[in-house]
Amino acid sequence: MTAWVIAALIGGGLAAALLPIGFVLPATGADWRVAGDIAQHVVAQRFFIASPWGWPLLVAPTLGEGGTHIALADGIPLLAVPLKLFAPLLPVGVHGIGFWHAIVVVLQPVSAVWCLRQAGERRLLPAIGVALAAAAMPAWLARHGHAALMGHFLLLLALGTYLRLLRAQTSAGWAWAVVLSLAALLTHPYLALMVLALLGAAPVTLLLTGARWRGAAVGAAVCVGTTAAALWVLGYLGAAGEGGYGRYALNLLAPVWPARSGLLPVVGGEIDATGMGGWEGYNWLGAGLLAGLVVVVVRQRAAVAGAFRRHAGLALALSALTLLAVSFRVGLGERLVLDLGAPPAVLDQFRASGRFFWPVGYALLIGVAALLARVPRAGPALVLLLGIVQWVDAAPNRAALAAWASQRLPWSVEAAALRPAIAAVRTVTILPSWVCIPPDAHATRERVQELLLLVSERAVPVNTMQLARWRTPPRCADVHTAASPLALGELRLVLPEAVPLLGDSAECRTVGGLLACFRPG
């Protein structure tokens, strides 16, 4: 019990230190805004929570042309659905994106302690060490801005579930595995695939070690089948994006490249050979974990070999995830050392393939902690030291997360003037629409994003949405939209870039650098 309390205190203290209350529980109508991908998540959740229940379940029908499936906008259905259940009791414009950040920060060290206990290590010092280390994993801390993808606690739970299922094949254990798979899907499909890979390793390990494996194979098949059924029933299937598997891959040096290291500040940033910056492939393991790995290999060589034999299925699953992360264009440092050509089309669904190395990092953390704890006399203290070193090394990533969560960006549009106008209309049309904005027009994208944030406060039906994936290929129809007469109760917000598309602007007035056109009704 003491270990659980300490892990929860670590997570709670970290959340309190990094996340301001105004970020966790934001008030609608603030004089500041969020920006970047988190704005997309906020808009999706607000529209979904405010819309009536319908089918498909996860679609916000008035957000964008034809509605928006909130999972395609990283709206975290796992949290959005419960919030929608309580929508009548919640303030207008509520969303849970900031609250989700607090949830995952608290659950990260707690899940690590549970996972370590499934590996057979229950002593206090190793538990504290692994809690500190998990709460300081660089790839997790650096994920801020992509709220759903900060749900790394699901990977720790999946790894612990794998270990638990090796010890006991029970229907309750596999029922929990099914629930975990669905929870991961409702958080983010990338996490779901990683969770399924870890759970699927259980029957493979049992087969390769000569144990009874058929029941586990059935359990893993049920996990996969249930997740596939949920993909179909909940409308995930059929979505496509821009493609580009390999553009955001894992560089072979990334796990040992100390980008944003507090103890080894010897490099300027992420290592990359693709020309895309290396952020999605950022997987620095941390000074504490790497030091622990060295000690284990030197002091526990036989135990390491034994662990590989006992967990051969897991080793295969992690190897497959690593290959998927590296992609068909293999980068070593700043050089591409191997290009296997065009990948199969199905892999284009995983453009940010570097993420698939995350489970490898957590498996190394739990494995190193469990083996390091067995070092005679000093083992538990060494795991605690690992956690402390990892924590100190992660200081730059914590500082970056705190600075990001604390920023209060001013509106570049006249929010105070636009809010009452938006609240009084039936529909809003934004020009240019998202699909018509050139990829390099960042300022335009940001202003459209601001308008979407304002509209989402009241969830007034709107014509466009920021999306990177879609069920129907997008088309730019702004010329036709601009030429159409205003509908009754329509507010048309036109940025300067789209003003030339307008014909008669008699019903328009200038509001803070944009045209607001309105027809009462």
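**Exercise 1. What percentage of the 521 residues in the chain do buried residues make up?**

The model is a predicted one, in which local features need pLDDT of at least 70 and side-chain atom pairs count only at pLDDT 80 or more, whereas totals for chains, interfaces and linings use all residues. Residues are numbered from 1 along each chain as its sequence is written, and side-chain values use heavy atoms, with hydrogens and water left out.

Step 1. Take buried as under 20% relative accessible area, with a 1.4 Å probe and protein chains only.
Step 2. By this cut-off, buried residues account for 53% of the 521 in the chain.

**Exercise 2. Compare the radius of gyration of the chain with that of a compact globule.**

Step 1. The radius is taken over C-alpha atoms, and the globule rule is 2.2 Å times the number of residues to the power 0.38.
Step 2. For 521 residues the rule gives a value near 24 Å, and because the chain has 24 Å, the two agree.
Step 3. Along the principal axes, the C-alpha atoms fill a box of roughly 85 × 50 × 45 Å.

**Exercise 3. Which residues touch the most other members of the largest nonpolar core?**

Step 1. Such a core is a set of buried Ala, Val, Leu, Ile, Met, Phe, Trp, Tyr and Cys residues joined through side-chain atoms within 4.5 Å.
Step 2. The largest core holds 161 residues, of which Leu 19, Leu 418 and Val 428 touch the most other members.
Step 3. Beyond its neighbours within four places in sequence, Leu 418 is in contact (heavy atoms within 4.5 Å) with residues including Val 413, Leu 451 and Leu 493.

How values were computed: Buried < 20%, exposed > 50% of the residue type's maximum accessible area, 1.4 Å probe, protein only.
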